[in-house]
Amino acid sequence: MTFRNISARVLMAFAAATLVACASGEPAGDAEAKPPGELRASVDRTVATTGDLVTYTVEVERDPEVDVELDEPGADIAGFRVVDLGRAPVETLASGRLLERRWYELRADLVGSYVLPALTATYSEPSGGGGELEAGEISVEVESVLPEDRSEATDIRDIKPLRRIDTAASWLLWTGVALAAAALGLAAWWWWRRRRPDGSAPEAPPVPPYDLAIRELERLRRTDFSDLRELRRYYFAVSAVIRAYVEGRFGLNATDLTTEEILGRLGGLVRLEPLQARRLERFLVATDQVKFAAHLPAAEEIERTYEQALGFVTATRPREDAEDGESAMPASGQTEKAA
């Protein structure tokens, strides 16, 4: 083997070693490690009109051993109204990481530019380390359903020209209409007189707030609590029943007030005892946790919510109704005893 051949082989070996070193890339210490968790936020539309629903989705992707704590948005998100919310079951990705997804259905009633604020979450690792995750803010534009140029509206038409009306024909027409109305009125009066000898019209008595609340609570008792959507609707409905009962029983406009506003006015209700006011406060706070904080109640919590609602209505029943019911019960008991 000649010296030239040996030199060529040495050069080729050196070039191959150089190519391998270049292909290996940067040292492992310089490569950026993938974070133990990721936080993402998105909307299904960035331009909507008043009354449209905008779905706001928040996703947390994390390693199985990492715990992530995300603060739930409140009842109002950047001026939007939260009309529905929920969460999907935890999903295992092909990479082995876990994916948690939460969604909120938002509605804007006013035209304008809205900004969904940036979200932050904290994570902790088994080793004791931790940190923060962040998802950027999202802009949503809400436009009017009316065209900007009102001349484009096709449902607005010019007024019609004046038309001469025949006075004699118009007088005859209105006279006939008046006579027909009078005849119908007399016929209706005669019919009611024959139906009721005293001449009074039958009127359905209004349903007392207590009876209405008990009836609605009994209906809600038959809810399918295994369905998450039905469970959330149940909490909205049972809260509405108690608010309507408070409005009918105590005269407080509870159906149009927030929980904070209701609690601030309970002290001015003379007919509501302090003990029952505290019971109502616990009920409203507990139902708001499910309605607006995406809390999933256990079976015993669902039962306790129903018992709180039923107990408050029963304890605040008007005294005259309660006395009537109590006076009837001993009489019934005496009859059974005598029998």
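**Entry 1: ground rules**

I count helices (H or I, at least four residues) and strands (E, at least two) as DSSP runs, numbered from the N terminus. I am working with a predicted model, where local features need pLDDT of at least 70, side-chain atom pairs count only at pLDDT 80 or more, and totals for chains, interfaces and linings use all residues. Residues are numbered from 1 along each chain as its sequence is written, and side-chain values use heavy atoms, with hydrogens and water left out.

**Entry 2: confidence**

I looked up pLDDT, the predictor's confidence in each residue, from 0 to 100. The protein chain averages 77, and 71% of the residues score at least 70. A note to myself: where pLDDT is low, the predicted coordinates should not be read in detail.

**Entry 3: helix H6**

I checked the length of H6, residues 274-292. Just after H6, Ala-294 has a positive phi of about 55°.

Which residues of H6 are buried? Buried means under 20% relative accessible area, exposed over 50%, and partly exposed in between (1.4 Å probe, protein chains only). My list is Gln-276, Ala-277, Leu-280, Phe-283, Leu-284, Thr-287, Asp-288, Val-290 and Lys-291. Seen down the axis of H6, they fall within an arc of 160°, so they line one face of the helix; the arc uses directions from the helix axis to the C-beta atoms. They pack against strand E6 (80-87) and helices H4 (228-250), H5 (259-265) and H7 (299-315).

**Entry 4: Ser-239**

I found Ser-239 in helix H4. Ser-239 is buried, with a relative accessible area of 0%. Leaving aside neighbours within four places in sequence, Ser-239 is in contact with Phe-283, Leu-284, Thr-287 and Lys-291.

**Entry 5: the cores**

A nonpolar core is a set of buried Ala, Val, Leu, Ile, Met, Phe, Trp, Tyr and Cys residues joined through side-chain atoms within 4.5 Å. The largest has 30 residues, and Ile-242, Val-246, Leu-266 and Phe-312 have the most contacts inside it. Helices H3 (209-220), H4, H6 and H7 each give two or more residues to this core, and H4 gives the most, with nine. Apart from this core lies another, of 27 residues, including Val-82 and Ala-294.

Key
Expected span 1.5 Å × (residues − 1). Contact = heavy atoms within 4.5 Å.
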